[in-house]
Amino acid sequence: MRWLGRFALAFYAAVVAAPLLLVVFTSMKTTPQFYADPIGPPPAWNFSHYRDLFAGQTMWRYFGNSALVTASSVALELALAGMIAYGIVRSGRRLGGFLFALFAAGLMVPSQVNMIPIYALMRRLGWTNSLTGLVLVTAAVLLPLSVFMLTGFMRTLPKALLEAGAIDGAGETTLLVRIALPLSAPYLAATAAFLFAIVWNDLLFPMLLIGGKDKLTLPLALLQFRGEYVTDYPMLMTGVAVSTAPMVLLFLFLQRYFISGALAGSLKG
Amino acid sequence: MTQRKKLSMLLAALTVLAVLLTACGSSNGNNGVASGSGTQPDGASASSGAPASTGGTPASSGGGGQTTISFLHWRGEDAATFADIIRKFEQENPNIHVETQVYPSDQYQSTAQAKLTDGSVGDVFAAFPGAQFESIAKAGLFADLTGEPFLGNFTDSLIEAGRKDGKQLAVPYQLVYNIPIYNADLFSKYGLEPPKDWDGFLAMAEKLKSEGIIPIAFPGADIGPGQFMNPMVMNNAPADIFVKLEAGQAKLTDDWWIKTLSQFKELNDKGYFQKDVLGTKDQGAGALFIQGKAAILATGSYELAQNKRANPDLHQKLLAPITVPADQAVYEGVHTTTFMLAVNAHSKHQAEAKKFIEFLSRKDIAGEYANATGQNVTVKDVEYASEELKTVSEWMTKKTVFQPRYTIKNAQIQTAVTSSIQAVLGGKTPEQAAKEAQAIVDQQLGK
Amino acid sequence: MKPGKSLLLFFLPGTALYLGLFVYPTLTGLFYSVTDWDGLSPSYRFVGADNYVSLAGDIVFRKALGNSLKFMLAVVVLQTVASLALALRLTRRNKRTAALRALYFLPTVISSVSVGFIWTFVYDPSLGLLNSLLERAELGNWTQNWLGDMKLAIFSVAAAQAWAHIGQMIVLFVAGLQAIPAELLEAARLDGGTRWQVFRRVTWPLLAPAAALVVSYTTIQSFKAFDLVFTMTGGGPAYSTEILSTYIYGAAFTNGTFGLASSASVVFLLLVALMTYLQFRLLRADRVSY
């Protein structure tokens with residue numbers, strides 16, 4: 001039976017890799033070459049699209065904006081949601097249950113409903129062209145997801161440890177920082193990874209809330225390649241490749257924390 | 001424990017970093033950075049075609065006499081051309097600065113709506129004719145342009161689409177023909193001419209098929225039904241048939257639409273469309289045409305330029321299927337006037353906005369736009385340079401009808417109509433498809 | 001043991017942000033369901049339950065509802081089963097599993113618009129990857145009109161959605177699996193249990209919280225899926241891939257009936273709430289016993 005498992009892993013690896021290779025191949029073809037052979041390997045390793053993309057200084061700027069917004073949003077999110085999740089887990093049924101339901105309910109709201117009202121609100125507050133405003137809105141909109149996930153994870157933390165700490169006279173803040181957070185490390189990393197991808201690729205709120213050219217984030221800038229009827233696929237795929245690469249690298253880096261931060265550690269010890 | 005400590009320190013560092021960065025971000029956002037008119041990254045950006053806007057940050061009027069107006073539209077592929085035109089405009093009007101924002105047409109609807117309402121964005125904006133025009137008019141967002149001198153620069157009959165209740169609310173800038181493109185070389189190779197009636201059309205398709213060429217590449221998954229339905233229906237029913245439909249005086253289950261659907265079905269059943277027609281999108285159909293595997297592309301003149309760019313050896317012309325005997329044909333083709341320029345009624349800079357539209361309406365500027373983007377314009381006396389533009393301008397002398405689909409004001413009804421075509425291509429009978437579509441129409445009218 | 005008062009301070013900043021920038025706009029948005037606002041005009045009228053009545057009779061809405069359910073079921077089944085099956089083989093900590101998990105996760109970091117583009121090409125009937133590969137493998141009569149066949153299209157999109165998120169769910173399952181104390185598994189095996197018995201009696205019950213998380217998150221995600229459907233099919237052909245979220249978008253922005261869109265959103269919320277509740281009960285996630 002073992003071969004079945006191995007086969008499944010290999011098969012799915014191919015299913016994942018093939019379309020991604022298509023992205024890379026396409027980004028290296030000129031438009032006529034692309035139409036001539038949409039799915040094969042490129043006739044030559046042609047990096048001209050990548051060069052064109054980075055020709056002006058502007059692409060680095062968009063990279064910077066995306067990085068700034070994503071890092072700020074995720075860090076803020078982890079801080080806020082972490083505190084809330086911890087609080088929910090430590091509170092009684094009434095308060096904890098109520099708050100959890102409040103946040104979890106937000107998960108079900110489709111973006112079309114609050115899109116226009118959020119824009120109107122931001123306009124009244126004068127935050128329609130600021131990256132700060134974008135970070136705050138992004139953080140708010142992601143709270144349901146973050147609180148939902150982190151609460152689920154933190155519920156599995158060993159209560160015994162926290163009780164012991166409390167008996168020893170530690171305040172909630174100490175308990176949070178010295179016991180709960182370190183134990184939750186792999187979960188925080190996992191959540192951070194999810195959030196990173198979501199914020200980095202977000203199109204909706206940057207589109208609504210950012211106006212000035214110097215504040216564009218990467219996905220927004222890449223929209224320019226999608227004209228009315230013209231879809232410059234090779235350029236578009238180049239953009240996809242470029243905007244995905246940082247995420248891939250970051251995940252590979254965070255990966256180590258996933259593996260090593262196993263929860264079982266504290267139970268065994 | 002050390003690895004966990006490391007991680008918590010990392011998180012703490014991230015949080016501190018985030019707070020610092022956010023603080024920096026907010027100070028950048030609040031100081032309006034003055035737009036340096038001289039050195040701008042525009043030179044580089046024009047060549048890479050990446051950014052949407054031209055120069056600077058939006059500084060409001062006042063202080064130094066510089067007004068910034070915002071230009072909102074959906075044609076990302078025209079970004080570089082507009083940047084050049086705007087540079088000229090700003091040279092002529094040193095106290096006006098234009099900032100552009102582009103959203104692709106499928107998102108344009110939703111985003112434009114939100115941004116137009118407060119008047120801070122889109123002093124000049126572009127609109128689609130038909131349903132979008134109606135809804136923006138209803139919201140009172142168009143500034144009245146009746147009587148403006150620049151209107152005289154346009155061919156009068158071509159700016160009708162922007163008129164409502166006798167007022168000129170928007171000026172269409174682009175002229176397109178929603179009829180299929182054909183490969184002139186393939187046609188001459190097999191001795192074919194654009195047919196003048198339905199039997200001739202079928203015979204032409206049969207000849208192409210027998211030679212191993214796909215007669216018609218039809219993007220059934222996205223724009224095909226909405227485009228090709230126009231020439232198919234133009235001679236099957238009077239020009240105002242859809243207006244009558246929306247008034248409840250005509251039905252899709254009547255002969256005219258059943259006939260149109262049957263003709264679609266006939267083309268599909270005889271194998272004149274490519275295989276799996278409903279799964280093919282605009283890109284896929286275009287690829288078939290560009291590679292010379294299909295002789296006709298059922299989209300419109302707006303694709304001439306991009307096809308040529310992808311395959312410079314193509315020689316393209318336009319034709320329209322005539323669905324009736326030659327002596328009964330009233331129209332030779334279908335035109336649309338789109339990319340309607342308008343001034344936002346809530347704008348605080350209406351005078352400057354109108355100046356910009358006036359600038360665009362000059363025949364040399366319009367000519368520059370047309371020749372650079374490959375799109376024909378509604379401005380009079382423009383000189384077209386390329387073969388494709390000239391081909392299209394030949395059609396201006398022929399008898400064409402304004403795109404029937406755009407006369408449908410209710411978007412749900414429009415979708416029901418195009419869906420009935422998809423249903424027929426998917427195997428339903430014309431009667432069945434029409435009946436289901438009419439049910440949706442009835443429901444919409446009942447409101 | 002009573003938790004400290006500082007807990008209330010923990011709640012404060014996040015909840016304030018949430019209430020201000022999320023809850024309030026959402027309530028405003030939902031309020032429009034009893035008006036006839038078109039999303040653009042400065043004024044509107046109250047129409048009571050009219051929008052809800054229209055919704056009940058709306059042919060397209062009914063189709064969207066049915067399609068949403070079909071889509072959700074397909075995605076949940078495919079995604080959960082595939083990610084669990086793969087996760088079970090990836091719990092060991094070595095270079096190979098780490099590399100595979102990273103590979104599987106890749107689609108998640110690509111924006112759904114890009115995923116839509118990629119899979120539109122994969123599914124293209126004449127030029128796409130899937131049909132071309134089938135032809136080369138001599139399986140020519142398995143080729144389909146993946147996105148154009150009205151009965152198949154929604155499932156093709158579901159497959160793309162699953163592809164984009166299986167890696168994400170694998171991470172959750174692996175975390176859950178790694179949390180199961182190895183002693184318990186060893187003990188069960190020593191007691192003579194087969195692999196299946198060990199899975200059913202020990203692994204699965206302890207995995208319940210992770211499983212509940214995966215299933216409910218996937219459900220909600222698939223209901224909200226918009227970018228993918230929008231990019232790949234736009235709701236067609238002939239409404240066969242029209243789901244609730246595309247219906248709401250169309251009603252709000254294309255048809256200019258924001259009030260109707262809001263009423264559809266209310267129905268949407270109630271539906272998802274019901275599903276989530278049922279799932280949690282089914283998987284009995286609130287009882288984790290050792």
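The model is predicted: local features need pLDDT of at least 70, side-chain atom pairs count only at pLDDT 80 or more, and totals for chains, interfaces and linings use all residues. Residues are numbered from 1 along each chain as its sequence is written, while chains are lettered from A and ligands numbered from 1 in the order in which they are written. Helices (H or I, at least four residues) and strands (E, at least two) are DSSP runs, numbered from the N terminus.

**Sheet in chain B**

- In chain B, 4 strands form an open sheet of mixed pairing in the order S8-S9-S7-S10; two strands pair if DSSP finds at least two bridges between them.
- Strand S8 (214-217) and strand S10 (316-318) of chain B are the edge strands, each pairing on one side only.
- S8(B) and strand S9 (residues 294-297) of chain B run parallel and are joined by 3 bridges.
- Opposite B:Ile214 stands B:Ala294 in S9(B).

**Helix pair in chain A**

- Helix H7 (residues 131-154) and helix H10 (residues 185-201) of chain A have axes that come within 11 Å and cross at roughly 155 degrees. Axes are lines fitted to C-alpha atoms, for helices over the stretch in contact, and angles run from 0 to 180 degrees between N-to-C directions.
- H7(A) and H10(A) are therefore roughly antiparallel to each other (angles under 35 degrees count as roughly parallel, over 145 as roughly antiparallel, 65 to 115 as roughly perpendicular and the rest as oblique).
- Residues of H7(A), including A:Leu142 and A:Phe153, meet residues of H10(A), including A:Tyr187 and A:Leu195; contact requires C-beta atoms, placed from the backbone, within 7 Å.

How values were computed. Contact = placed C-beta atoms within 7 Å.
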